[in-house]
Amino acid sequence: MKAILQRVKFAKVEVDGETVGEIGQGFLVLLGVAQEDDKKEAEVLSNKIAGLRVFTDENDKMNLSLDDIGGEVLVISNFTLCADCSHGRRPSFIAAARPEQAEPLYEYFCQRLRDAGVKKVAQGIFGADMAVSLLNDGPVTIDINSKDLKR
């Protein structure tokens, strides 16, 4: 499971011109679910994100977590994070989980963030064509792969 995390001042997602999810200060998370992922991957990744200390404190040091600032999270499913660009010019998405596997893991990941105490977890619509708007804060952008995290 892979996440691209952006620290934001606000973010929102629209489907067919209608806002379906929005947050204030916190994280925009683009989440890619791979074929070999399971609930353990979602647990490890959600715990890492919930506790990540990348918000600035009174000394302008990245030292605060979502909980410390009352931050929110917008999670967008994004199978293209599983792209393999190693051959040719057209990416292969064969490593991405099929929707019947990916959607329950996406929902489970979001629930795990809530269980970890994130005050608001907004979501896009799985599989929809979405328009995501955000105001980057920093910018701070972090690439996290659950395979690289200690269990």
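The model is predicted, and local features require pLDDT of at least 70, side-chain atom pairs count only at pLDDT 80 or more, and totals for chains, interfaces and linings use all residues. Residues are numbered from 1 along each chain as its sequence is written, and side-chain values use heavy atoms, with hydrogens and water left out.

Rolling a probe the size of a water molecule over the atoms shows where empty space is left. A pocket is here an open set of points on a 1 Å grid over the protein atoms alone, where a 1.4 Å probe fits, with protein on both sides within 12 Å along at least five of seven lines; lining residues have an atom within 4 Å of a point. The largest pocket holds about 420 Å³ of space, a volume being the space filled by probe spheres set on the points. Its lining comprises 24 residues, and Asn78, Phe79, Thr80, Phe126 and Gly127 lie nearest the centre. By class, 16 of the lining residues are nonpolar, six are polar and two are charged, where Ala, Val, Leu, Ile, Met, Phe, Trp, Tyr, Cys and Pro count as nonpolar, Asp, Glu, Lys and Arg as charged, and the others, Gly among them, as polar.

At least two lining residues come from each of strand 3 (26-32), strand 6 (72-77) and helix 3 (99-115); helices (H or I, at least four residues) and strands (E, at least two) are DSSP runs numbered from the N terminus. The 17 residues of helix 3 should span 24 Å at 1.5 Å a residue, which agrees with the 24 Å between its end C-alpha atoms; the expected span is 1.5 Å times one less than the number of residues.

The structure holds three aromatic pairs, defined by ring centres within 6.5 Å, with planes under 30 degrees apart stacked, over 60 edge-to-face and the rest tilted. Phenylalanine 79 and phenylalanine 93 are edge-to-face, at 5.2 Å centre to centre and 70° between the planes. The rings of tyrosine 106 and phenylalanine 126 have centres 5.9 Å apart and planes at 50°, so this pair is tilted. Tyrosine 106 is buried, with a relative accessible area of 1%, whereas phenylalanine 126 is partly exposed at 22%.

Technical notes. Phe/Tyr/Trp six-rings, centres within 6.5 Å; stacked < 30°, edge-to-face > 60°. Buried < 20%, exposed > 50% of the residue type's maximum accessible area, 1.4 Å probe, protein only.
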